[in-house]
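Here are my notes on the aromatic side chains. Please read them with the model open.

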Amino acid sequence: QVQLVESGGGLVQAGGSLRLSCAVSGRTFSNSAMGWFRQAPGKEREFVAAISWSGGITYYADFVKSRFTISRDNTKNTVYLQMNSLKPEDTAVYCCAADQAPRNTYYYLSRPRYYDYWGQGTQVTVSS
């Protein structure tokens with residue numbers, strides 16, 4: 001049974017930073033590509049960032065480029081999302097997901113349906 005548990009969300013002022021973590025247990029984390037998605041109230045889930053199993057390939061949504069950084073530590077079975085220069089429109093529930101295939105192209109890693117496991121999410125609220 002694979003489990004993904006996010007942490008690090010909270011309330012922050014615009015311009016501030018947060019670091020999200022996603023701890024993975026149950027299967028071999030190092031063989032999985034990982035992604036972060038977010039969903040704001042009344043909106044569809046959207047892709048934020050993804051990282052290949054080795055960490056050598058990363059992808060970002062256009063709206064977070066140069067502000068967010070995805071990384072992973074395979075020794076700790078954890079993937080991170082460093083979020084800087086946060087904006088009120090970044091307010092959402094952020095979820096991590098694991099792709100056990102694993103894939104390494106943007107087409108697949110940006111689409112939720114290609115992920116096998118999901119965490120429950122962590123709330124990020126950015127005040128203006």
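1. Tyr106 counts as partly exposed, at 40% relative accessibility. Here buried means under 20% relative accessible area, exposed over 50% and partly exposed in between, with a 1.4 Å probe and protein chains only. Tyr107 is also partly exposed, at 42%. Phe47, at 7%, is buried.

2. On the basis of the notes: this is a predicted model, where local features need pLDDT of at least 70, side-chain atom pairs count only at pLDDT 80 or more, and totals for chains, interfaces and linings use all residues. Residues are numbered from 1 along each chain as its sequence is written, and side-chain values use heavy atoms, with hydrogens and water left out.

3. How many aromatic pairs does a search of the whole structure find? The search finds nine. Rings of Phe, Tyr and Trp (its six-membered ring) pair if their centres lie within 6.5 Å; planes under 30 degrees apart count as stacked, over 60 as edge-to-face and the rest as tilted.

4. Phe47 and Tyr106 are edge-to-face, because their planes stand at 90 degrees, with ring centres 5.6 Å apart. This pair links distant parts of the chain, 59 residues apart: Phe47 is in strand β5 (residues 46-51) and Tyr106 in helix α1 (residues 106-109). Helices (H or I, at least four residues) and strands (E, at least two) are DSSP runs, numbered from the N terminus.

5. Tyr107 pairs with Tyr114 in a tilted arrangement, 6.3 Å centre to centre and 50 degrees between the planes. Arg111 lies over the face of Tyr107, 4.0 Å from the ring centre. The criterion: NZ of Lys or CZ of Arg within 6 Å of the ring centre and within 35 degrees of the ring normal.

6. Ring pairs join Phe37, Phe47, Tyr59, Tyr106, Tyr115 and Trp118 into a cluster.
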